[in-house]
Amino acid sequence: GGRRMWPLFRSHMLFLLIQSFAYLSCNLAWRFLVYRKSSPEGFEENIFSLCSLVELFNLIFVRSVQSASLYPKVVTASLVYLHFYIFCSLYPFHNLAFIAC
């Protein structure tokens, strides 16, 4: 009823600000630590976007016991395969591997 919405709205905005800062900090750290070698412009952003989409898909659609047991294994295997490819192959095919993943 009679409660104000402003404190709730302010806390949600602060939460989004902190989450954005954490995302950008993590992205910057991974860019310097892991993706230091030559890679296409914005490739790290694509990896983080893919992980966010995978997480969102998991939250929305993975509900049964079978899918909950299979989905993490398949996603992890495909992301590990993508990173093996990134660190062991030629520059021009990074985006192709990202699309295939």
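Q: How do α2 and α3 run relative to each other?

A: They are roughly antiparallel, a label for angles over 145 degrees. Both are helices, meaning DSSP runs of H or I with at least four residues, numbered from the N terminus. This is a predicted model, where local features need pLDDT of at least 70, side-chain atom pairs count only at 80 or more, and totals for chains, interfaces and linings use all residues.

Q: What's the angle between α2 and α3, and how far apart are their axes?

A: About 175°, with the axes 12 Å apart. The angle runs from 0 to 180 degrees between N-to-C directions, and the axes are lines fitted to C-alpha atoms over the stretch in contact.

Q: Which residues of α2 and α3 make the contact?

A: From α2, Phe 43, Ile 47, Leu 50, Cys 51, Val 54, Phe 57 and Asn 58. From α3, Tyr 71, Val 75, Leu 79, Leu 82, His 83 and Ile 86. Contact means heavy atoms within 4.5 Å. Numbering starts from 1 along each chain as its sequence is written, and side-chain values use heavy atoms, without hydrogens or water.

Q: New topic. Where is Val 62?

A: Val 62 sits in the loop between α2 and α3.

Q: Is Val 62 buried or exposed?

A: Buried, because its relative accessible area is 12% and the cut-off is under 20%.

Q: What does Val 62 touch?

A: Leaving out residues up to four places away in sequence, Val 62 touches Phe 57, Ser 67, Ala 68 and Tyr 71.

Q: And how far is Val 62 from Arg 3?

A: Their C-alpha atoms are 36 Å apart. Along the chain, Val 62 and Arg 3 are 59 residues apart.

Technical notes
Helix = DSSP H or I, 4+ residues; strand = E, 2+ residues; numbered from the N terminus. Parallel < 35°, antiparallel > 145°, perpendicular 65-115°, else oblique. Buried < 20%, exposed > 50% of the residue type's maximum accessible area, 1.4 Å probe, protein only.
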